[in-house]
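Subject: A structure to look through, with notes

Dear colleague,

I am passing on the structure we spoke about, and below it you will find my notes on what was found in it. Please keep the view open while you read, so that you can look up each place as it comes.

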Amino acid sequence: MAFFIASSPHAHNRKSTVDLMKWVILAAIPGIAAQTYYFGWGTLIQILLAVVVAALMEGCVMLLRKRNPMTALNDVSVFVTALLLAVAIPPLSPWWIMVIGLFFAIVIAKHLYGGLGQNPFNPAMIAYVVLLISFPVQMTSWMSPESISPGDSGLYDAWKLIFTGFDDDGFSLQQVRTSIDGITMATPLDAFKTGVSQGISPSEVSSGAQFGFIGGLGWNVVNLAYLLGGLLLIKNKIIQWYIPAGVLGGLLIISTVFYIVLPDVSASPLFHLFSGATMLGAFFIATDPVTAATTVRGRIIFGALIGVLVYIIRSWGGFPDGVAFSVLIANMAVPLIDHYTKPRTYGH
């Protein structure tokens, strides 16, 4: 009979990696449903494409590494990466955007560092940033929500736009986006930033058709849906509350300060909390256990750093939303954060 010696702690979490990943996918369903409702069938098509491409890439890389592909596919982690990238990009992005993004996420950001558990950066956000910098037109081609768009983009039109670049009437994505009179195709974050820079007051900018009672129209419901999914993850102890609280708290505090000090050029705190990828980033991206801080204090600091950086990039950076950049910068700071937040050794 073998005698095993292991260091503390000896507590055992009964949830396996597969269980954790499945819960993340399940909790994302409300957000995915809201995105599909407001931004069309492209969201579901991108998810389906991402899952198929991710499975093929993961299997090929594992074969090249002379390992069993099923060991990697069975842990479901690659499908979570695919899902996060699919909901982060515009729903009608061309198919090759997803293929290039997943190549960087799976091959470069994950397996070149040793595979699951070895990557220092969030793979989905690496892919998103590479795509955003390399293909800014495609990565900023968001349609207006269906509720304010007089255009009718069905499942077949979305499929054709993604895989051929043209809809059933022969119009390209850019032609479809510019053919809707009176509706700006910029996201609410981009529209607010552009309007304020042109000297328009925040109240006048926020009166546009793409703005809702809080945040951007459609985007506010999407964020509420991801918030609901995130709370489900916390309730079932899939994630802990430290990082989401840090992200939302950091963003809330800095946006409130500037909203009070500079009300003529600043959006309200609620606008920042319920626009863009705030809730998706706080609950589903920043909480990646591999790339986040590990200590309790460190996780709060890690999350707060992301929240502050999101506001800084949104307000003064070159991109309307800054979740991906903020997460990657915080990933780089993880070793430093963990070093200075280590708990004291028991007995000292």
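Ser 326 is buried, with a relative accessible area of 0%, where buried means under 20% relative accessible area, exposed means over 50% and partly exposed lies in between, using a 1.4 Å probe and protein chains only. Before going further, please note that this is a predicted model, in which local features need pLDDT of at least 70 and side-chain atom pairs count only at pLDDT 80 or more, while totals for chains, interfaces and linings use all residues. Residues are numbered from 1 along each chain as its sequence is written, and side-chain values use heavy atoms, with hydrogens and water left out.

Ser 326 has its place in helix H18; helices (H or I, at least four residues) are DSSP runs numbered from the N terminus. Leaving out residues up to four places away in sequence, Ser 326 touches Ile 306, Leu 309, Val 310 and Ile 313, where contact means heavy atoms within 4.5 Å. The side chain of Ser 326 reaches the backbone nitrogen of Val 310 at 3.1 Å, and a polar atom of that side chain lies 2.6 Å from the backbone oxygen of Gly 322. Both are polar contacts, that is, pairs of N or O atoms within 3.5 Å, of which, within protein, one must be able to donate a hydrogen and the other to accept it, and residues adjacent in sequence count only if both atoms are side-chain atoms. From C-alpha to C-alpha, Ser 326 and Leu 305 are 7.8 Å apart in space, although they are 21 residues apart in sequence.

**How the helices pack**

How do H17 and H18 pack? Helix H17 (residues 296-316) and helix H18 (residues 323-340) pack at an angle of about 150 degrees, with their axes 9 Å apart. This makes H17 roughly antiparallel to H18, because angles under 35 degrees count as roughly parallel, over 145 as roughly antiparallel, 65 to 115 as roughly perpendicular and the rest as oblique. Axes here are lines fitted to C-alpha atoms, for helices over the stretch in contact, and angles run from 0 to 180 degrees between N-to-C directions. The contact includes Leu 305, Ile 306 and Leu 309 of H17 and Ser 326, Ala 330 and Val 334 of H18. Its residues divide into 16 nonpolar, three polar and two charged, where Ala, Val, Leu, Ile, Met, Phe, Trp, Tyr, Cys and Pro count as nonpolar, Asp, Glu, Lys and Arg as charged, and the others, Gly among them, as polar.

The axes of helix H14 (residues 242-261) and H17 come within 7 Å and cross at roughly 40 degrees, which makes H14 oblique to H17. The residues of this contact divide into 16 nonpolar, five polar and two charged.

Helix H3 (residues 42-64) and helix H6 (residues 95-108) have axes that come within 10 Å and cross at roughly 40 degrees, so H3 is oblique to H6. The contact of H3 with H6 has 13 nonpolar residues, one polar and one charged. Val 53, in helix H3, counts as buried at 12% relative accessibility, and, apart from neighbours within four places in sequence, Val 53 is in contact with Val 99 and Leu 102.

**Two further buried places**

Is Asn 223 buried or exposed? Asn 223, which lies in helix H13 (residues 219-235), is buried, with a relative accessible area of 1%. The side chain of Asn 223 reaches the backbone oxygen of Trp 219 at 2.8 Å, and, not counting residues up to four places away in sequence, Asn 223 touches several residues, among them Leu 273, Thr 278 and Met 279. Eight of the eight residues of helix H16 (residues 278-285) are buried, so H16 is largely enclosed by the rest of the structure.

**Two lysines in loops**

Most residues other than glycine have a negative phi. Lys 66, however, has a positive phi of about 60 degrees; Lys 66 sits in the loop between H3 and helix H4 (69-73) and is exposed, with a relative accessible area of 79%. Lys 237 has a positive phi of about 60 degrees although it is not a glycine, and its place is in the loop between H13 and H14, where Lys 237 is exposed at 67% relative accessible area.

With best wishes
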